Amino acid sequence: MKTVNEIAQLAHVSVRTLHHYDAIGLLKPTQITEAGYRLYDDAAIEKLYMILVFRELGLSLKETAKEQMGQYYSDYAFHQFFLQNGPSDFCTLTQKLKEE
């Protein structure tokens with residue numbers, strides 16, 4: 001488990017951004033300690049990276065939430081493709097999917 005500060009540094013976003021994502025239900029912490037610290041597991045970190053990819057693609061937070069609930073986020077092969085190939089190949093794949 002990682003703290004909100006660790007996740008913010010890892011993903012190059014602000015703590016405030018992560019708090020906002022929590023407030024709107026886009027990225028909830030995996031656990032909140034008795035002291036009120038937000039903790040995130042590996043699945044939450046993956047989800048954050050997907051949010052950031054969708055943001056880079058120009059999707060709004062509302063659209064991102066819909067995508068996470070849909071096929072793209074739930075498809076294990078999609079995750080594996082992104083993790084193995086990185087964002088540039090992901091963008092190429094996304095463009096191909098749009099053209100089909």
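Colleague: Is Lys-28 buried or exposed, or partly exposed, going by its relative accessibility?

Modeller: Let's start with the idea: buried means under 20% relative accessible area, exposed means over 50%, and partly exposed is in between, using a 1.4 Å probe and protein chains only. Lys-28 has 47% relative accessibility, so Lys-28 counts as partly exposed. Please keep in mind that this is a predicted model, where local features need pLDDT of at least 70, side-chain atom pairs count only at pLDDT 80 or more, and totals for chains, interfaces and linings use all residues. Residues are numbered from 1 along each chain as its sequence is written, and side-chain values use heavy atoms, with hydrogens and water left out.

Colleague: Thanks! What percentage of the residues in the chain is buried?

Modeller: Of the 100 residues in the chain, buried ones make up 30%. One of interest is Leu-26, which sits in the loop between H2 and strand S2 (31-32). Leu-26 counts as buried because its relative accessibility is 3%. The C-alpha atoms of Leu-26 and Ile-51 are 8.4 Å apart, although 25 residues separate the two along the chain.

Colleague: You mentioned a helix and a strand by label. How many helices and strands does the chain have?

Modeller: Helices (H or I, at least four residues) and strands (E, at least two) are DSSP runs, numbered from the N terminus. Here there are 6 helices and 3 strands, and along the sequence they follow the pattern β-α-α-β-β-α-α-α-α.

Colleague: How many salt bridges does the structure hold?

Modeller: A salt bridge is a side-chain nitrogen of Lys or Arg within 4 Å of a carboxyl oxygen of Asp or Glu. The structure holds 2 of them. In one, the side chains of Asp-22 and Lys-28 meet at 3.2 Å, N to O. Asp-22 counts as buried, because its relative accessibility is 8%. Asp-22 also forms a salt bridge with Arg-38, where the closest N and O atoms are 2.9 Å apart. That pair links distant parts of the chain, with Arg-38 in strand S3 (residues 38-40) and Asp-22 in helix H2, 16 residues apart. Arg-38 counts as partly exposed, because its relative accessibility is 21%. Through shared partners, the salt bridges join Asp-22, Lys-28 and Arg-38 into one network.

Colleague: Now the helices. At roughly what angle do the axes of H1 and H2 cross?

Modeller: Axes are lines fitted to C-alpha atoms, for helices over the stretch in contact, and angles run from 0 to 180 degrees between N-to-C directions. The axes of H1 (residues 4-11) and H2 (residues 15-23) come within 9 Å and cross at roughly 110 degrees. That makes H1 roughly perpendicular to H2, since angles under 35 degrees count as roughly parallel, over 145 as roughly antiparallel, 65 to 115 as roughly perpendicular and the rest as oblique.

Colleague: Which residues make that contact?

Modeller: Contact means heavy atoms within 4.5 Å. H1 contributes Val-4, Asn-5, Ile-7 and Ala-8, while H2 contributes Val-15, Leu-18 and His-19.

Colleague: And where H1 meets H3, at roughly what angle do the axes cross?

Modeller: The axes of H1 and H3 (residues 42-56) come within 11 Å and cross at roughly 40 degrees, which means H1 is oblique to H3. Their contact is made by Ile-7, Leu-10 and Ala-11 of H1, together with Ile-45, Leu-48, Tyr-49 and Leu-52 of H3.
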